[in-house]
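Hi everyone, thanks for coming. Have a look at the picture, and then we'll start.

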Amino acid sequence: MADPTQVTFREADEEDGFHEECGVFGVWQVPDAAAVTALGLHALQHRGQESAGIVSHDGTKFHSHRGLGSVGDNFGDQKVIDRLPGRIAIGHNRYATTGDTVLRNVQPLYADFEFGGFAVAHNGNLTNAHVLRRALVRRGCLFQSTTDSEVFIQLIAISLYSTVVDRLIDALKQVIGAYSLVALSEHAMMGIRDPMGVRPLILGRIGTEGTGGWVLASETCALDIVGADFVRDVEPGEIVVIDDQGVHSIRPFAKLPERFCVFEYIYFARPSSLMEGTSVYEARKRIGRELAIESAVDADLVVPVPDSGVPAAMGYAVESGIPFELGIIRNQYIGRTFIEPSDHIRHLGVKLKHSPNRPILKGKRVILVDDSIVRGTTSKKIVEMVRAAGATEVHMRISSPPTTHSCFYGIDTPERSQLLASSHTVAQMAEVIGVDSLAFVSIDGLYRALGKSGRDAEQPFYCDACLTGDYPIALPDQADNADRQLSLLAEIK
Ligand code: AMP
């Protein structure tokens, strides 16, 4: 007979792929908490556009609305917000590109436990979710969704500890991976970052001192939109508990070296956000300057691939003294290219998203600046478009080192075989995308732009696994020995 846990497991894998990018947000003791949360999610829309959800608490009961689509699709109607009363709420934006996006996977996840209701919103990726899930299914746990995040709910459910926070700590000690969580119980809102702090999470204050409330969010741009002040980053390995007594901090893990995701700076975060006290916009401009120093080329114009290439192109232009021009105009009403699932659609998507500014490009030697090359689809199309508009030379400069490895920590990347840089040298990539020259910023240049002296192999400081293959957090689900790991976990409490 087929092993039922295997079946469940494969389904989970196929449907979800466990590839997610997400934004999380929460408010504590704020009037119209659901409306404020919807605003916060709007500011974090770039972190996930496939589904959105809010769970509120009115002091007695939890209320929830979750749906497929953008924040506007789900929370644009005041009647929906009115059905989410209370001064406390958490929310989530999700973006999963492989397989179906189904309603049961939309977060925040919610469960009724013996201690009361509990909701959780997760940004990141658990690297032992498969192994844990199989062990839990064998123990009789009934999974409702196919997301890795539900593992938190199931581990909390079976924990023998009595308080919510102790059960949460118990669950966290069994998971491996990258996670920034915002969770809500009947008496507290919690913000949690994994021990290496791979994904961002910040704490903010809203309203006046003494009477005001608290905010947790993936990025500071979500504080700006709701008029909250930045207080501090939630620290790696920290659990921030916000309740009627105020804010308390728990650090249940042994201290590990911090490995914040460098790709947040390169591409993912919104430029207006501060990450670890550093402006993402300024960081991107500095990367562009490094790129100009490392890979100078004679040309007439520096042209960004909008929007993500804009700050780096500005930095490149300032450093090189070559004029900056918007030679490509972006259609603001089209989402990020990766949303389109098939290659065919993705090709169409690129054309829909960008159009050439012909009078600017005609007869010019152009330096195109983009933040990254993943499959190479975007670059190839853009280069064709710029040449067709009359550019005489096209030089491509990329404000990240080549993306050679997949991310297993919460940034959606295709599997390694589809990453152009995993199988091509820079010269071969230049040929594929059809440019006169191609250069990427070096890994040391990237680190310098972020205020370090270079990449120190002993203490890299950032998670740069997608660029170096140096994975700081174990990947049990990827290991050939997943079954051995499973037997080790069979003794799960
Ligand atoms: P590609 O066409 O596959 O080479 O994709 C490269 C483009 O995708 C670049 O313009 C990037 O700005 C963008 N990009 C890079 N990483 C991601 C990601 N994880 N999700 C969505 N878009 C991305």
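Predicted model: local features only at pLDDT ≥ 70, side-chain atom pairs only at ≥ 80, totals over all residues.

Okay, let's begin with Gln-29, which is partly exposed, with a relative accessibility of 26%. By that I mean the value falls between two cut-offs: under 20% relative accessible area is buried and over 50% is exposed, using a 1.4 Å probe and protein chains only. Gln-29 sits in the loop that runs between strand S1 (20-28) and helix H2 (33-43). Those labels come from DSSP runs numbered from the N terminus, with helices being H or I of at least four residues and strands being E of at least two.

Residues are numbered from 1 along each chain as its sequence is written, and side-chain values use heavy atoms, leaving out hydrogens and water.

Next up is Glu-276. This one isn't a glycine either, yet its phi is positive, about 50°. You'll find Glu-276 in the loop between strand S15 (274-275) and strand S16 (278-279), and it's partly exposed at 23%.

Now for peptide bonds. Which kind of bond joins Gln-107 and Pro-108? A cis one, with omega about 0°. Pro-108 belongs to the loop between strand S4 (88-96) and strand S5 (109-113).

There's also a cis bond from Pro-306 to Asp-307, where omega is near -5°. Look for Asp-307 in the loop between strand S17 (301-304) and helix H11 (310-320).
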